[in-house]
Amino acid sequence: MRAIQVFAYGDYDQLQLVDLPQPRPVEGHILVKMTAAAINPLDNLIRLGRVTIGKSKLPLILGNEGTGLVASEGSDLPLGTRVMFREAYHLPCGGTWQEFVLTPRDLVVPLPDGSSDLEAAALRTAYVTAYMALLHRGQFQPGQVIFAPAVGSSVGNAVIQLGHTLGSAKAQRARELGYKDVIDLTQESARDGIARITGGTGVDVIVDGLGGDITIQGLASLKRGGTLVLVGDSASPELHLHIVRDLLANAVRLVGHRNALAPQGMADEAFSACFALWVQGRIKPIVARTFPMEQACEAQRFQVEGRPFGKVLLTFATR
């Protein structure tokens, strides 16, 4: 079978297409023939060697979510059953960027008839992150005002959809989806845009995947006692805080969140809630572009540098 392997930490060209033996099913596990696998910011950090969650030994195979077909017997899932991964951080033979993935049975769930494989592949990381950041870390309540910088990112868009579905009063929304209240950072600062939209009252919860100056502007835009949940650093890993001005003056909270480190019960609840909302048609993952697995290097570069509106996926040809 073919797989995308990283042999050394570094640039995109460290993603190599290789041939590997197909994994053999073992007790309690199933084999999944991949249909689509998502590309996430975490994959970029792992390839660079900055993060090693679940994939600390080289060579490694990236990918922590995706969809596929059950390709082994011996479980309650018949051959050919369409499934998606609940998570794929610590799989026995590497991540989801390979044609066949060996996984514990309890890490996949069957997909409902008529559902989209691509949407399912784009669902878990973004929406589970947004759900846990909003409800658990941010303590979001219906009627509150939320702000999601970088709404074109998969997590930013998930925050807006979940906030709208769960009852937010206002949110930063994308014009491409027919929403209002968009802050164009080439025309105004995040702080000025939030003040304009909210009439100077500020927001209750911010889910921020950018870092740097956007985080500082977000902290300054929170209502008294509000919360900023930091889920990434795609704009800058550096944060220069003035403790009194940025945190203590309005008794705001700055909370960090990473899915792979969340308590299992919290992650399970978030996945179940987001899966149900998707099946009900109340949220809809957005896929910006798909690439065949042979173009993994170009696909990851596009995800990191191309500023896509939505998720980038690798797809696997039927062979």
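Pro 59 lies in the loop between α1 and β4, where helices (H or I, at least four residues) and strands (E, at least two) are DSSP runs numbered from the N terminus. The peptide bond that leads from Leu 58 to Pro 59 is cis, with omega near -10°. Most peptide bonds are trans, and most residues other than glycine have a negative phi.

The structure is a predicted model, in which local features need pLDDT of at least 70 and side-chain atom pairs count only at pLDDT 80 or more, while totals for chains, interfaces and linings use all residues. Residues are numbered from 1 along each chain as its sequence is written, and side-chain values use heavy atoms, with hydrogens and water left out. The predictor's confidence in each residue, from 0 to 100, is called pLDDT; its mean over the protein is 88, and 93% of the residues reach 70 or more. Over residues 170–179, however, pLDDT stays under 50. For that stretch the model has 35 contacts beyond four places in sequence, a contact being heavy atoms within 4.5 Å.

Two further backbone features concern phi. Ala 251, in the loop between α7 (243–248) and β12 (253–256), has a positive phi near 50°. Arg 307, in the loop between α9 and β14, also is not a glycine and has a positive phi of about 50°. Ala 251 counts as partly exposed at 49% relative accessibility, whereas Arg 307 counts as exposed at 78%. Here buried means under 20% relative accessible area, exposed over 50%, and partly exposed in between (1.4 Å probe, protein chains only).

The interior may be described through its nonpolar cores. A nonpolar core is a set of buried Ala, Val, Leu, Ile, Met, Phe, Trp, Tyr and Cys residues joined through side-chain atoms within 4.5 Å. The largest one has 36 residues, of which Phe 85, Trp 97 and Leu 314 touch the most other members. Elements that each supply at least two residues of this core include β1 (2–6), β2 (15–19), α1 (41–48) and β14 (311–315). Strand β3 gives the most, with 5 residues. Apart from this core lies another, of 34 residues, among them Phe 140, Ile 160, Val 229 and Phe 275. Among the residues that Phe 85 touches are Val 32, Met 34, Leu 91 and Phe 271.

The structure also holds 3 aromatic pairs. Rings of Phe, Tyr and Trp (its six-membered ring) pair if their centres lie within 6.5 Å; planes under 30 degrees apart count as stacked, over 60 as edge-to-face and the rest as tilted. The rings of Phe 271 and Phe 275 have centres 5.7 Å apart and planes at 25°, so this pair is stacked. Being 4 residues apart in helix α8 (residues 264–279), the two are separated by about one helical turn. Phe 271 is buried, at 5% relative accessible area, and Phe 275 is buried at 18%. Together with Trp 278, Phe 271 and Phe 275 form one aromatic cluster.

Phe 291 and Phe 302 form a tilted pair, because their ring centres lie 5.8 Å apart and their planes stand at 55°. This pair links distant parts of the chain, with Phe 291 in strand β13 (residues 287–292) and Phe 302 in helix α9. Phe 291 counts as buried at 4% relative accessibility, whereas Phe 302 counts as partly exposed at 23%. The charged end of Arg 289 sits over the ring of Phe 302, 5.1 Å from its centre.

Notes. A charge sits over a ring if NZ of Lys or CZ of Arg is within 6 Å of the ring centre and within 35 degrees of the ring normal.
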